[in-house]
Amino acid sequence: MRVLILTLAAFALAAQERRALLLINSDYQKLTPRPVNAADIDSLKAALAAAKFTVSEERNLAQGQIEKISFLSSIKQGDTVLVYYAGYAMQSKGDNFIVPVDYDPAKTGEATFLAQSMTGL
């Protein structure tokens, strides 16, 4: 019986995937651009790959593009997921938001309409 349980546990662990998403927003249109150190990003990708993560990278996403990232639909129950974000962020009503590159600070409105909730990912 122990052999069967261990075999099933090993099979379940083997089926799980490690996935990493690197979101990098730097080329803001109406905010000061955020410099990105390419060597740091390359080092991070190499470290994640060495840890057996499948790495996806998205850069300079505008409003509405974040929730359309194919990475999000590839996640399965039991997967280990890491999300790394470089760029502006804000907090409103206890929720954290990714600021898209086309964010306009002159516009007024709820953060939910101007940025992407991290909870919504």
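The largest nonpolar core of this predicted model has 13 residues, and L23 and I69 touch the most other members. Here a nonpolar core is a set of buried Ala, Val, Leu, Ile, Met, Phe, Trp, Tyr and Cys residues joined through side-chain atoms within 4.5 Å; buried means under 20% relative accessible area (1.4 Å probe, protein chains only). A second, separate core holds 7 residues, among them L22, I24, I41 and F53.

**Contacts and burial**
- Beyond its neighbours within four places in sequence, L23 contacts (heavy atoms within 4.5 Å) E58, L61, I69, V83, Y84, Y85, A86 and I98.
- Of the contacts in the protein chain with a separation of 6 or more, 65% link residues 24 or more positions apart.
- Buried residues account for 28% of the 121 residues in the protein chain.
- The protein chain exposes about 7900 Å² (Shrake-Rupley method, 1.4 Å probe), and 56% of that comes from carbon and sulfur atoms.

**Fold and hairpin**
- The protein chain has 4 helices and 6 strands, taken as DSSP runs (helices H or I, at least four residues; strands E, at least two).
- Read from the N terminus, the order is α-β-α-β-α-β-β-β-α-β.
- Strands β4 (residues 89-92) and β5 (residues 95-98) run antiparallel, joined by 4 bridges; pairing requires at least two DSSP bridges between the strands.
- I98 in β5 is the bridge partner of A89, and I98 is also among the contacts of L23.
- The β4-β5 hairpin has 2 residues between its strands, and K93 in the turn has a positive phi of about 50 degrees.

**Reading notes**
- Residues are numbered from 1 along each chain as its sequence is written, and side-chain values use heavy atoms, without hydrogens and water.
- Local features need pLDDT of at least 70 and side-chain atom pairs count only at pLDDT 80 or more, while totals for chains, interfaces and linings use all residues.

Methods
Buried means under 20% relative accessible area, exposed over 50%, partly exposed in between (1.4 Å probe, protein chains only).
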